[in-house]
Each structure stands twice: as C-alpha cells, then as structure tokens.
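Please read the following note beside the sequence and the model. Its points are numbered so that each may be checked in turn.

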Amino acid sequence: METRPYFIAGDLSCSLLVGGVTAVAAIATVSQAWPMPAAMLVGMLLGMAVAAVGILAFGRCFGMIELQMPAMLTGMLSGMIVSMIVTRSPMASSTGAAIGGALGLATFAAVWIADVWLRAKGERWTP
Amino acid sequence: MDALTRRKWDRAAGAFDFINGLGAERRWEPVKREFFSTMHGRVLFVAVGTGLDIRYFPPAVQIDGIDISDKMLERARPRAEAYAGPMTLRHLDVHDLDYPAGTFDQVFTSCTFCSVPDPVRALEAVRRVLKPAGELRMFEHTGSRYFPFNALLNLMNPIARLTGPEINRDTVGNVRRAGFRLVEVRHAYLDVVKTIHAVAPA
Ligand SMILES: C[S@@+](CC[C@H](N)C(=O)[O-])C[C@H]1O[C@@H](n2cnc3c(N)ncnc32)[C@H](O)[C@@H]1O
C-alpha cells in the first residue's frame, strides 16, 4: 500500500481539488429547470473534464496512472451528486465545494483501501 | 514495421521524460529496483523507450534493447552508453523479432504491452526467441477485473489510446494465450499495475 507522505499528499490534494472544482462548475451549469438525469449526465461529464485537467496538472509530479483512479472517480461522483441536488434546490458554491471536497476524501480513502486489498491478492501458479 | 505505431511513439518521444521521468519513476522506483534485480544471462529488453529504466539494471548483464521508435532510441542512447555492461539498442518492431530461436535467457518488458498493436502475436514472437524454459518478466499496467476500476478504464481507453497506451488490456490472459506458463502475478497498485513472471515451455 502507498504509505509515502509525498504520494499520499499528492493523490489526496488532486482528489480534493477535482471534487471541489467539479462541484462549483456543476452549480454554475445546472439549475432547477434541468431534468435530473440530464443534469447528472452533464455533471458527470464535467467531472471527467475537470479530473482530466487535474491529472495532467499533478501527473508529472505524482504519476498519472495512480492519480487517475481516485481523481476520475471523484470528478464523476461529485458532478453527478451535486448536479442531482441542484435540480431540487439551489446550492451555494461554498457548500458545493465542501461536498465535492468531502467526496474527494471519501473516494481517495475507498481507493486506498481497495489498493491494500488488491495488492494482497497477487496470484501464484504452482508448476 | 507498423508505421502508425512508430509515428505515434515518435511524436510522444519529445515530452516522454518530462511527463514520466519524475513522479511515475519516483513512485515505482522500489518495485522496479526489485523487478530488474533478477536480470541475468542474455536479456532482451522489449521497448526500451527513452531508457528511463536502465538505471535499475544490475551491472554486467548482456542486454539487447529494442524499440519501434527511433526518436525514443535517440534519447535512450546516452543512458545505454552509461550502463555498466554490454548493452546494444536496435530499432525493431517486437512483432518482427529476427533473432534466432532460443537466443535469450530472459525477456523483460516495462509498460510495453499496453502499447504494442497485436499483443498476443508479439508475445508469441517473444516466446520464440526465448530459450526453452526461459523467463518472461513484465512490469505492466493493465485493465482491472474489479468494478468500478474496470468500468473507468474501459471508459477512458479510447482517449488514452489516441496519444499513447491502451489502459484496459488483459495482459495476463495474453501471456497465457501466447503459450507461456504463468508463475506469479504481483499487484503493485490495485490490480492495475503489476509484475508478471512467466516461463516459456521447456
Ligand atoms: C509507454 S512506453 C514505455 C517505455 C519504457 N519501457 C519505459 O517504461 O519508460 C511504450 C514503448 O513501447 C514502444 N513500442 C510500442 N509498440 C512497439 C512495438 N511494436 N515494437 C517495439 N516497441 C514498441 C514505444 O515506442 C514506446 O517506447
């Protein structure tokens, strides 16, 4: 599992930023007039676009393959969830950013736990 | 030689070290050091790229490095010259390996089989140039068997393949399909980054 503070800080910062920025972008794009499924789809696509920028920006220092999992999942989740809420009631950007950041933290933690589990699951074939 | 693949990697060569030479190398240094420490005898290194991995090679191994991109090889040349052992570089497509059958004790790859156009045919070519019971050792990123990672990699693959590698390949399955016997697969990140140890038929 990844325990080096440098990489944990990089992966986590990227996910927090992607979550927050996606939420703010979704609030600026979607409104109560939107049908919920369309809003969620657009939110998810926004999240993927924001994550792609985040992965490019952080990738050089932290490695793209490992950044992309938590960051992409965070972007998609944050975009979908915040857009879904916004079709029901308006949301302040600061609230959205906090929700997006929290989703970034939760996604990072979930991927880290999956990594611990899957790393332990290497396979051996006996001759 | 596959002109399309060659052009794609020639284009990628200029920015390759800038993008991959810092974070990714730092991240994988411990895994790669251990991985390459098993090199011995005569080794074929498939897709040497700009030679970022050469620093991990143990000294005094006889290594033949190949790559489809001469722009990549240009950048790898000074690193190969600095290697403490006999190392040659050749501009060669892995599908067209022209070494006599049974030339190599080991074949190493590193982030290669996400990139070659026909992985099973290329692995069959690799098997031919290995000695009987010769070792195939790969450090690769592949697709995942687990949700949501598999869905995400499948979704992003069409974009990734435009500029570089495919990110959802079943490389472990391809190794089997090419006639190798798997010995061990170790996961280095999720089940996406892994080392694969396989042997050619005896
Ligand atoms: C992702 S890069 C990895 C380079 C290097 N192994 C590393 O890890 O830094 C993939 C490499 O595979 C090479 N490649 C792609 N298709 C190939 C083929 N058919 N034959 C030989 N090399 C190939 C590319 O030119 C490129 O250098």
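1. Helices (H or I, at least four residues) and strands (E, at least two) are DSSP runs, numbered from the N terminus. In chain A the order of these elements from the N terminus on is α-α-α-α-β, that is, four helices and one strand.

2. Some conventions apply throughout. This is a predicted model, in which local features need pLDDT of at least 70 and side-chain atom pairs count only at pLDDT 80 or more, while totals for chains, interfaces and linings use all residues. Residues are numbered from 1 along each chain as its sequence is written, chains are lettered from A and ligands numbered from 1 in the order in which they are written, and side-chain values use heavy atoms, with hydrogens and water left out.

3. The C-alpha atoms of chain A fill a box of roughly 60 × 30 × 20 Å along the principal axes. Of its 127 residues, 44% count as buried (under 20% relative accessible area; exposed means over 50%, and partly exposed lies in between, with a 1.4 Å probe and protein chains only). Contact means heavy atoms within 4.5 Å. Among contacts in chain A between residues at least 6 apart in sequence, 82% join residues at least 24 apart.

4. A:Ser89 is found in the loop that links α3 and α4 of chain A.

5. B:Arg27, B:Leu152 and B:Tyr189 supply 23% of the area that chain B buries against chain A, more than any other three residues.

6. A nonpolar core is a set of buried Ala, Val, Leu, Ile, Met, Phe, Trp, Tyr and Cys residues joined through side-chain atoms within 4.5 Å. The largest has 50 residues, and those with the most contacts inside it are A:Met69, B:Phe57, B:Ile63, B:Met87 and B:Leu190. Helix α2 (residues 36–62) of chain A gives the most to this core, with seven residues. Beyond its neighbours within four places in sequence, B:Leu190 has contacts that include A:Met69, A:Val111, A:Leu118 and B:Phe149.

7. Which residues line the largest cavity? Among them are A:Glu2, A:Trp112, B:Arg27 and B:Tyr189. On a 1 Å grid over the protein atoms alone, a cavity is a set of points where a 1.4 Å probe fits but cannot get out, and a pocket is an open set with protein on both sides within 12 Å along at least five of seven lines; lining residues have an atom within 4 Å of a point. About 90 Å³ of space lies in the largest cavity, where grid points are joined across faces, edges and corners and a volume is the space filled by probe spheres set on the points. α4(A) gives the most to the lining of this cavity, with four residues.

How values were computed: Buried area is the accessible area (1.4 Å probe) that two parts lose on being put together, summed over both.
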